[in-house]
Amino acid sequence: MTAFPVQPEILNPEARTGLIILCDHASNHVPEGFDNLGLEDEVFSQHVAYDLGAAVVTRKMCELMGGAAVLAPVSRLLIDCNREPDSETLVPRVSDGIMVPANQDVTPSAVEARKRDYYTPFHDACAQLVEAHLDAGIVPLIAGMHSFTPEMNGEKRPWHAGFLWNKDPRLAQAMIGLMERETDLVVGDNQPYSGQHLYYTMQRHGADHGLPQTTIEIRQDLLEKPSMVDEWAALMADLLDECMGREDLTTRQFYP
């Protein structure tokens, strides 16, 4: 099998605005050489392959704010950039009940090759942006951008958006408070997922450096139209802009 490395997409790499957006489920792309992982094309239009709307709202926010972002280049079915390097689900054999044929008997060397070609370049790009901000004397906010399905296991999810956090609650709680103050939307606190269970990208590039960080989750049906993306991007940009002006969110703090 001949696979082709793909570099992450970096938006505004020279920007030092105090905000870095990391979108680790941005793409449904599977490079040549993997034969679609043995799956039908239609699978790659579903949430199982990527976070629908996450990349486009990230781009719009960067356009509005001028901030930097990194977008992962391949589908999480190939390799999931929001997993620990030794995670059993780094290369998922089954995801959302869908068996991935090409991942059933994947060898350790093949996993290492996927890390080298897709996973490591994404995380290296994230690390370089963080380091560049710190070298410039800037404590950046780190925001992960995700989307979630309106329904899970037959249950409708009531939240319009949620903010995930693990041990450092600062940015998540600030954004929840602002969003509840400014809108009548239903906001999740560690919903629809918990940052205490799945938080690798934010932990590695945010919390491990003492930086305020949160994963933003927007319900994907609310990102289906360009006008909706524009509204959400503007709202998140406004919230983050206010957060960047707060002294408690521009200092490094480590939470054991």
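Predicted model: local features only at pLDDT ≥ 70, side-chain atom pairs only at ≥ 80, totals over all residues.
User: How is the packing of two helices described?

Analyst: Two packed helices are described by the angle between their axes and by the distance between those axes. In this model, helix α3 (residues 170–182) packs against helix α5 (residues 226–244) at about 120°, and the two axes lie 10 Å apart. Angles from 65 to 115 degrees count as roughly perpendicular and those over 145 as roughly antiparallel, and α3 and α5 are therefore oblique to each other. The crossing of α3 past α5 is right-handed.

User: Which residues of α3 and α5 meet?

Analyst: From α3 come Leu171, Ala174, Met175, Leu178, Met179 and Arg181; from α5 come Trp232, Leu235, Met236, Leu239, Leu240, Glu242 and Cys243. By class, this contact of α3 with α5 has 11 nonpolar and two charged residues, with no polar residue.

User: At what angle do the axes of α1 and α5 cross?

Analyst: Helix α1 (residues 54–65) crosses α5 at roughly 55°, and their axes come within 9 Å. The pair α1 and α5 is therefore oblique as well, and α1 passes α5 in a right-handed crossing. On the α1 side the contact is made by Val56, Val57, Lys60, Met61, Leu64 and Met65. On the α5 side it involves Val229, Asp230, Trp232, Ala233, Ala234, Met236, Ala237, Leu240, Asp241 and Met244. The contact of α1 with α5 divides into 13 nonpolar, no polar and three charged residues.

User: How many cavities of 30 Å³ or more does a search of the whole structure find?

Analyst: A cavity is a space where a 1.4 Å probe fits but cannot get out. The search of the whole structure finds one cavity of 30 Å³ or more, and the volume of the largest cavity is about 40 Å³. Its lining consists of Leu22, Asp24, Asn82, Gly144, His146, Tyr199, Thr201, Met202 and Thr215. At least two lining residues each are supplied by β6 (141–148) and α4 (200–205). By class, the lining of the largest cavity has three nonpolar, five polar and one charged.

User: What is the volume of the largest pocket, and which residues are the closest to its centre?

Analyst: A pocket, in contrast to a cavity, is an open set of points. The largest pocket holds about 570 Å³ of space. It is lined by 26 residues, of which His47, Arg76, Arg83, Asp96 and Tyr193 are the closest to its centre. The strands β4 (94–95), β6, β7 (151–152) and β11 (213–219) each contribute at least two residues to the lining of this pocket. The lining of the largest pocket comprises eight nonpolar, nine polar and nine charged residues.

User: Where is Pro192 found?

Analyst: Pro192 is located in the loop between β10 (187–189) and α4.

Key. Residues numbered from 1 in each chain as written. Heavy atoms only, no water. 1 Å grid on protein atoms, 1.4 Å probe; cavity = no way out; pocket = protein on both sides within 12 Å on 5 of 7 lines; lining within 4 Å. Points joined across faces, edges and corners; volume = space filled by probe spheres on them. Helix = DSSP H or I, 4+ residues; strand = E, 2+ residues; numbered from the N terminus. Nonpolar A, V, L, I, M, F, W, Y, C, P; charged D, E, K, R; others polar. Axes fitted to C-alpha atoms, helices over the stretch in contact; angles between N-to-C directions. Parallel < 35°, antiparallel > 145°, perpendicular 65-115°, else oblique. Left-handed = near helix turned anticlockwise from the far one by under 90°. Contact = heavy atoms within 4.5 Å.
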